[in-house]
Amino acid sequence: MNGGREPDPGTVAARAGLGRPGEGGADAGVDLVAPLGLAAVRAYRDLEALDAAMETRDVYRRYGSGSVALLEDAIAGLETPSGGERPVARATASGQAALALGLSLLAAPGRRRVVVVRPCYGGTDALVGGPLGNLGLQLATVDLAPAGESDHGALVAASLRDDVAAVVVEVISNPMMTVVDVPAVAAACRAAGAACIVDSTFATPFLFQAFAHGADMVFHSLTKHLSGHSDVLGGMLLVSEDSPAAGFLDGFSRLFGAVLSPFDAWLALRGLRTASLRLERCSANAAALCEFFAARSEVDAVHYPGRGGAADEEQCRRLLPRGRGAMLSVDLAGGRAAAAAFMRRLAGVRLAPSLGDVATTVSHPALTSHRSLTPQGRAALGIGDGLVRISTGIESIDDLREEFATALG
Ligand SMILES: Cc1ncc(COP(=O)(O)O)c(C=O)c1O
């Protein structure tokens with residue numbers, strides 16, 4: 001605290017993982033960089049020492065490691081609502097592993113249905129319906145209309161039966177950028193005894209703190225904006241302190257075993273320290289690119305938080321007052337051929353099936369993130385073959401405008 005005022009999340013993140021001078025003795029210095037320990041296991045003097053260590057996370061890397069704990073602690077702090085309880089966090093090997101671990105905590109006899117609100121990352125419903133379906137979970141979906149003026153709470157409530165364990169929802173949806181009314185969805189979940197799981201990958205805790213809006217669990221793909229340099233694959237699962245699942249998250253994480261490696265945690269922590277600044281710049285670039293694309297005749301529609309009508313704009317003001325994110329999608333007139341030509345003409349912006357890099361990248365949802373859906377399934381969500389998703393980086397906006405103008409032809 002700064003004289004009673006809480007520091008900005010960007011300030012907290014910039015200092016994440018750093019030790020304090022004096023920790024190793026009054027005059028001892030401390031590295032101005034987070035420590036990295038690679039040991040998979042530690043050795044102990046005798047059985048008594050090992051017995052005591054087994055109660056900690058230090059003994060074996062599947063249970064935890066110093067570098068991973070620093071990252072978990074940093075992101076748990078960023079996700080803690082003002083004046084609220086700190087969530088419990090466990091880092092995982094990917095965003096997908098975070099969701100799978102989260103659902104393993106919630107599924108119970110008589111509650112094996114998972115409602116996925118779409119649009120969302122295509123791997124989310126594919127994971128629930130595929131590998132987790134084989135383990136007994138049942139997938140149900142709620143599809144939001146492409147330009148949604150709908151009551152998200154009522155739509156989700158209508159899908160909730162007493163066998164629903166959880167509802168999975170993104171606050172900024174991939175790839176249509178619909179802003180979902182998470183507080184209304186969370187209220188519907190509470191009324192039905194289901195957990196509300198928020199995928200905050202696009203929003204990050206810098207733009208949206210899901211626990212303050214009623215989430216029971218939050219997960220991130222660390223692979224994206226939080227790490228920010230396309231050199232980490234990782235995830236983070238956070239469970240609200242007052243959820244019963246918080247008590248066995250640690251035990252399940254140890255047994256599940258899909259944990260983050262220390263080096264990935266170290267890289268993610270380094271990326272996290274600049275994430276707030278990157279998102280600020282990327283969001284400003286994304287907003288400017290929306291204006292640019294909206295004025296072009298080659299573009300049928302631009303998708304960005306707030307552009308989906310009055311309700312979307314109101315929702316943005318309420319839920320995303322700190323910024324609307326780095327992601328936008330554009331519908332190119334001319335379908336796949338137009339998208340292919342556009343991408344071929346990009347000189348510096350790379351075509352890559354991920355997002356959140358420090359440099360701008362583009363992707364094609366129909367062929368990549370939403371490939372597992374049928375063409376009809378994609379069409380129902382507004383994902384056509386001319387849809388190009390843009391993950392905006394920190395480059396100069398003038399350079400980006402010029403390059404995209406050349407690519408449009
Ligand atoms: C919104 C969203 N959530 C989750 C994931 C899955 O993350 P990971 O690839 O780290 O498993 C992705 C991946 O693209 C994503 O875009």
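Modeller: A residue is called buried if 20 or more other C-beta atoms lie within 10 Å of its own, exposed if 12 or fewer, and partly exposed in between, with C-beta atoms placed from the backbone. By that count R161 is exposed, because 12 other C-beta atoms lie within 10 Å. R161 sits in the loop between α7 (152-157) and β4 (164-170), where helices (H or I, at least four residues) and strands (E, at least two) are DSSP runs numbered from the N terminus.

Two remarks on the source come next. Residues are numbered from 1 along each chain as its sequence is written. The model is predicted, and local features need pLDDT of at least 70, side-chain atom pairs count only at pLDDT 80 or more, and totals for chains, interfaces and linings use all residues.

Now to the packing. Helix α4 (residues 95-106) packs against helix α10 (residues 249-256) at about 125°, with the axes 10 Å apart. Axes here are lines fitted to C-alpha atoms, for helices over the stretch in contact, and angles run from 0 to 180 degrees between N-to-C directions. The angle makes α4 oblique to α10; under 35 degrees counts as roughly parallel, over 145 as roughly antiparallel, 65 to 115 as roughly perpendicular and the rest as oblique. The α4 and α10 crossing is right-handed, a crossing being right-handed if the near helix is turned clockwise from the far one by less than a right angle, and left-handed if anticlockwise. On the α4 side L101, S104 and L105 meet L249, F252, S253 and F256 of α10, contact being C-beta atoms, placed from the backbone, within 7 Å. By class this contact of α4 with α10 has five nonpolar, two polar and no charged residues. Ala, Val, Leu, Ile, Met, Phe, Trp, Tyr, Cys and Pro count as nonpolar, Asp, Glu, Lys and Arg as charged, and the others, Gly among them, as polar.

α4 also packs against helix α5 (residues 122-129), the axes coming within 11 Å and crossing at roughly 45°. That makes α4 oblique to α5, and the crossing of α4 and α5 is right-handed. Here Q96, L99 and A100 of α4 meet G123, T124 and L127 of α5, which by class gives three nonpolar, three polar and no charged residues. In the loop between β2 (113-118) and α5 lies P119, joined to R118 by a cis peptide bond with omega about 5°.

Of the 15 residues around the ligand, S94, G95, Q96, Y121 and S221 come nearest, a residue being near if its C-beta atom, placed from the backbone, lies within 6 Å. The shell has three nonpolar, ten polar and two charged residues.

Elsewhere, the loop between β4 and α8 holds P175 and M177. The peptide bond from N174 to P175 is cis, with omega near 5°. M177, though not a glycine, has a positive phi of about 65°, and is buried, with 26 C-beta neighbours inside 10 Å. T204, in helix α9 (residues 204-207), likewise has a positive phi, near 65°, and is buried with 30 other C-beta atoms within 10 Å.

How values were computed. Contact = placed C-beta atoms within 7 Å.
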